[in-house]
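Subject: A structure for you to look at

Hello,

Here is the structure I promised to pass on. Have a look at it first, and then read on for what turned up in it.

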Amino acid sequence: MARVYNFSAGPSMLPEEVLKTAAAEMLDYHGCGQSVMEMSHRSKEFDEIIKSAEALLRELMNIPENYKVLFLQGGASTQFAAIPLNFMNGSGKADYVITGNWANKAFQEAQLYGDAKAVASSKDKTYSYIPKLSRDMFRQDADYAYICMNNTIYGTVYHEIPDTGDVELFADISSCFLSEPLDVSRFGLVYGGAQKNIAPAGLTIVIVREDLLGKARDITPSMLNYKIHADADSLYNTPPCYTIYICKLVLEWLKSIGGLEEISRRNHAKAKLLYDFLDESKLFRGTAAPEDRSLMNVPFVTGDADLDAKFVKEAKEHGLVNLKGHRSVGGMRASIYNAMPIEGVQALVDFMKQFESENS
Ligand SMILES: *Cc1c(COP(=O)(O)O)cnc(C)c1O
């Protein structure tokens, strides 16, 4: 069996050890004679799985005790509506920073519910940078300020958490979840879909400070009400059980290799390898502003759409798959999430060098 290096932006690679454990436990989980896919979400076995997933996440991310961890469905995109419904209920104002499609979709959804304002945007340069922010840009009576921490499509990331003054900061961390240490206490809420760095699709994790809960609008559907899920320990309805189980295995894997310090070291080494090559290449160039470059998503181009297509096609023949850029930007994008080994990035760089010498 030949496994490829999969550079997909999501769903994406999972650690091989995790897939092997899942395969070995598929028919009989820990001697209970059932697969995790088949068991009741109220069973003792599943209770242990979801509780240890939460405990591991708290330990790895150093999540303060006054934060709730919610295991939900609906993808990150459902939270675009859940966030205003749960929190845009004081002044009815919320301030958004528009750094790409995901931030913009969240902003558009919030406009359905109240006075959502775009306080800054990097649209003028195809979202290739993170705008400079200062606290006076945020309305100090806003119910929250919102950022998309890592911009999956454009390959930018906030290397510093912005100062929003007294305004609670919320962040979509879908594509940088668990990629390096993050000071959760600086945020009122962080959340993300699991399919980039944590698990298969189907799970969305919300980490929210407890005192912010309980202010949802009356019209909030129960399934979007964070307080209801928090009070039910994420078992208000059937959670995505199997995905939570894989999430637990991934968290165990992360802990076993040395936690976020170690994964951060590995991710920095992987990104450096690729960016260093892009900076010296005469054929390829990275499209994100160097000071805002993402560790996880690396978009690049040759400047010639036909050559880009040829590259993507030939890379695939070399076992380097899903390198086509997002349809809104074209070119290429290598997503190098936690589970991508450095050998995969090295194989990509080697192939890019070969392609460069054959095509220039
Ligand atoms: C992938 C992604 C989303 C959308 O996630 P879904 O789970 O498909 O709704 C939102 N935000 C960011 C930053 C993403 O990378």
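Does Arg333 count as buried or exposed? At 9% relative accessibility, Arg333 counts as buried; the word buried is used for under 20% relative accessible area, exposed for over 50%, and partly exposed for what falls in between (1.4 Å probe, protein chains only).

Before more of this, a word on the basis. This is a predicted model, in which local features need pLDDT of at least 70 and side-chain atom pairs count only at pLDDT 80 or more, while totals for chains, interfaces and linings use all residues. Residues are numbered from 1 along each chain as its sequence is written, and side-chain values use heavy atoms, with hydrogens and water left out.

**Around Arg333**

Arg333 belongs to strand E14; helices (H or I, at least four residues) and strands (E, at least two) are DSSP runs, numbered from the N terminus. Beyond its neighbours within four places in sequence, Arg333 is in contact (heavy atoms within 4.5 Å) with residues including Phe7, Ala9, Thr152, Ile153, Val298 and Pro299.

**The sheet of 3 strands**

E14 is part of an open sheet with the order E11-E12-E14 and antiparallel pairing, where two strands pair if DSSP finds at least two bridges between them. E11 and E14 (332-335) stand at the edges with a single partner strand each, so one side of each has no neighbour in the sheet. E11 and E12 run antiparallel and are joined by 2 bridges.

Phe284 sits in the loop between helix H7 (259-280) and strand E11 (285-286), and Phe300 in strand E12 (residues 297-301), so the pair ties together parts 16 residues apart in sequence. Both Phe284 and Phe300 are buried.

H7 lies across E11, E12 and E14, running at about 20° to E12. Axes here are lines fitted to C-alpha atoms, for helices over the stretch in contact, and angles run from 0 to 180 degrees between N-to-C directions. The axes of H7 and helix H9 (residues 342-358) come within 9 Å and cross at roughly 10°. H7 and H9 are therefore roughly parallel to each other; that label is for angles under 35 degrees, with over 145 roughly antiparallel, 65 to 115 roughly perpendicular and the rest oblique. Among the residues that meet are Leu273, Leu274 and Phe277 in H7, and Val345, Leu348 and Val349 in H9.

**Asn338 and Leu254**

Asn338 is in the loop between E14 and H9. At 6% relative accessibility, Asn338 counts as buried. Among the residues it touches, not counting those up to four places away in sequence, are Phe177, Trp253, Leu254 and Ile263. Leu254 is in helix H6 and counts as buried at 0% relative accessibility. Leaving aside neighbours within four places in sequence, the contacts of Leu254 include Leu60, Leu178 and Asn338.

**The sheet of 7 strands**

There is also an open sheet of 7 strands, in the order E2-E10-E9-E8-E5-E3-E4, with mixed pairing. Strand E2 (67-72) and strand E4 (115-121) stand at its edges, each with a single partner strand, so one side of each is left without a neighbour. E2 pairs with strand E10 (residues 204-209) in the antiparallel sense over 6 bridges, and Phe71 stands opposite Ile205 in E10.

How many aromatic pairs does the structure hold? It holds 17. In one of them, the rings of Tyr29 and Tyr245 have their centres 5.6 Å apart and their planes at 85°, so the pair is edge-to-face. This pair links distant parts of the chain, 216 residues apart. Tyr29 and Tyr245 are buried. Ring pairs also link Phe87, Tyr96, Phe107, Tyr144, Tyr146, Phe170 and Tyr226 into a cluster.

Terms used: Phe/Tyr/Trp six-rings, centres within 6.5 Å; stacked < 30°, edge-to-face > 60°.
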